[in-house]
Amino acid sequence: MRLGWFLPTLFSIFSPLFIHCQLWFLSGSRKKWQIFVVDPAGDGYYCWLSVIAVPVLYNWCLLIARACFNDLQETYVVLWLVLDYVSDSIYIGDIVIRLRTGFLEQGLLVKNTKKLRDNYIHTLQFKLDVLSILPTDLAYFTVGLHCPELRFNRLLRFSRMFEFFNRTETRTSHPNIFRISNLVLYILVIIHWNACIYYAISKAIGLGKDSWVYPNITDPEYSNLTLGYVYCLYWSTLTLTTIGETPPPVTDEEYLFVIFDFLIGVLIFATIVGNVGSMISNMNATRAEFQAKVDAIKHYMQFHKVSKDVETKVIKWFDYVWTNKKAVDEREVLKNLPDKLRAEIAINVHLETLKKVRIFQNCEADLLVELVLKLRPQVFSPGDYICRKGDIGKEMYIIKEGKLAVVGDDGTTQYALLTAGSCFGEISILNIKGSKMGNRRTANIRSLGYSDLFCLSKEDLMEAVTEYPDAKKILEERGREILIKEGLLDESATEESTEGKSMEERLDSLALNLDTLHTRFGRVLTEYNYAQKKLKQRIAVLESQMRQQDLEDFSDSSDSLLEDEVKALLGGTP
């Protein structure tokens with residue numbers, strides 16, 4: 001009993017000291033504390049949520065068990081007191097953190113201490129937090145240590161646990177598994193509470209009084225604490241899931257409790273079926289969508305009586321794509337992201353591949369970003385021709401996985417082998433003047449097995465380099481160097497194109513200068529109109545002031561003349 005008097009008193013005395021120590025720990029000094037703000041989107045805030053979720057779950061699971069099973073409370077009383085006041089300390093620290101938790105205002109994190117305090121204090125959550133740390137256990141001085149129900153106000157901090165679960169669901173890479181685990185946890189907590197309440201009702205009615213209540217603990221078989229809890233948990237599970245037989249109730253109170261349990265059980269069963277069904281549907285959504293595409297292709301081939309060989313080849317291609325997780329359309333998945341985030345993801349995934357292309361090495365970073373967003377993945381089956389000699393080149397290819405062979409016209413003679421990281425077709429899409437092959441393919445390239453390639457079309461490349469004229473010139477120069485090295489550049493045609501190009505450049509420069517002059521003239525004209533308007537306003541003000549001055553001068557002169565006439569008349573009077 002001395003311990004029961006000592007610990008609550010100690011807690012009430014040292015709570016302010018704990019707050020002061022925590023402030024010092026978080027900030028390091030008073031000056032730093034004044035500017036210390038917790039970013040709700042940061043990792044530190046999430047870590048704190050994981051910390052505060054532990055005492056909340058501890059209170060929700062063990063307070064009810066200790067209140068109903070007396071042996072559990074009395075056997076480990078010292079342990080419960082230590083855990084209780086540790087959890088209270090964390091609760092107090094959580095209020096301190098909330099007082100310093102920032103929020104966004106016009107897109108910026110607010111760091112004003114008064115605003116942060118007011119934003120928290122004027123909410124319902126602040127009132128619940130204050131109620132949850134009221135020292136109700138000081139009543140231990142009166143009723144003794146074995147009344148943990150005095151601490152039921154600690155259950156009011158449940159929102160922090162839900163917030164932790166929501167943040168975890170957003171952050172985890174396996175959200176469906178976490179949702180199922182979360183649902184199972186909720187169900188277990190409900191079954192646990194129902195088991196504890198069943199035992200409490202059995203005690204209130206009388207243990208072993210009838211067949212429905214828990215048997216009398218004087219029986220050695222049922223006096224064990226573990227067995228008692230497991231028995232109640234078993235009864236609660238059977239009742240709430242409505243899948244087993246339990247002893248029928250006898251008294252009116254027992255009937256009412258069982259009816260309420262059955263209603264709760266129906267809701268739990270419906271929730272389980274609905275949530276699990278939804279989660280399974282979400283987990284299989286990608287597979288269902290892919291299978292629908294396969295079924296549509298199969299139906300199309302059967303309707304048009306496509307040969308069995310082609311049909312088998314198509315089905316094998318779909319199997320390869322699904323097995324190797326290449327069925328996801330990157331553009332469709334990333335379409336909801338803003339351009340900047342989509343570019344960052346594309347850079348992390350494809351930039352290193354693009355840098356392997358000779359003509360793109362050491363190009364501007366912004367141009368590479370533009371090109372990365374335009375890469376399209378393609379998968380080729382064994383024996384497929386990627387390009388044939390003499391075809392018009394409309395795209396270039398970069399090999400991500402697989403092996404390609406440069407073959408002769410017969411399709412069997414192999415001249416070279418292309419592996420991951422190689423690229424081809426880059427010269428034909430630049431349309432370099434003087435190239436002996438023009439924009440035609442110079443070789444037959446065939447896939448030996450399943451090959452994953454990135455494709456960049458000529459239109460996409462030209463669209464990207466439009467905004468980077470210097471980069472376009474560099475790309476063309478590198479293309480010419482490659483053609484000269486391979487002996488595929490006609491120098492005379494290049495000179496003629498250069499002369500024509502110089503004339504075109506002059507015309508473009510002249511048009512650009514005219515546009516510049518037009519812009520400058522418009523700016524000068526605007527400034528002239530503005531200055532003329534201000535001058536007219538100034539003249540109007542001066543005219544108004546002149547009129548006012550003239551009126552005042554005329555009034556003064558009239559008064560003086562009148563005074564002179566009056567004096568003359570008075571002077572001439574006898």
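A residue counts as buried under 20% relative accessible area, as exposed over 50%, and as partly exposed in between, with a 1.4 Å probe and protein chains only. By that definition Tyr 120, at 4% relative accessibility, is buried. This is a predicted model, in which local features need pLDDT of at least 70 and side-chain atom pairs count only at pLDDT 80 or more, whereas totals for chains, interfaces and linings use all residues. Residues are numbered from 1 along each chain as its sequence is written, and side-chain values use heavy atoms, with hydrogens and water left out.

**Helices H5 and H6**

- Helices (H or I, at least four residues) are DSSP runs numbered from the N terminus; the axes of H5 (residues 77–99) and H6 (residues 113–121) come within 8 Å and cross at roughly 125°.
- Axes are lines fitted to C-alpha atoms, for helices over the stretch in contact, and angles run from 0 to 180 degrees between N-to-C directions.
- H5 and H6 are therefore oblique to each other, given that angles under 35 degrees count as roughly parallel, over 145 as roughly antiparallel, 65 to 115 as roughly perpendicular and the rest as oblique.
- Ile 95, Arg 98 and Leu 99 of H5 meet Leu 116, Arg 117, Tyr 120 and Ile 121 of H6, where contact means heavy atoms within 4.5 Å.

**Aromatic pairs**

- The structure holds 26 aromatic pairs; rings of Phe, Tyr and Trp (its six-membered ring) pair if their centres lie within 6.5 Å, and planes under 30 degrees apart count as stacked, over 60 as edge-to-face and the rest as tilted.
- The ring centres of Tyr 120 and Phe 126 are 5.1 Å apart with their planes at 85°, so this pair is edge-to-face; Phe 126 is partly exposed, at a relative accessible area of 21%.
- Tyr 198 and Trp 235 form a stacked pair, 4.1 Å centre to centre with 10° between the planes.
- Tyr 198 lies in helix H10 and Trp 235 in helix H11 (residues 225–241), so the pair ties together parts that are 37 residues apart in sequence.
- Tyr 198 is buried at 0% relative accessibility, and Trp 235 is buried with a relative accessible area of 3%.

**Leu 240 in helix H11**

- Leu 240 is found in H11 and counts as buried at 3% relative accessibility.
- Leaving aside neighbours within four places in sequence, Leu 240 is in contact with residues including Ile 190, Ile 191, Asn 194 and Val 266.
- The C-alpha atoms of Leu 240 and Val 266, 26 residues apart along the chain, are separated by 7.3 Å.

Notes: Helix = DSSP H or I, 4+ residues; strand = E, 2+ residues; numbered from the N terminus.
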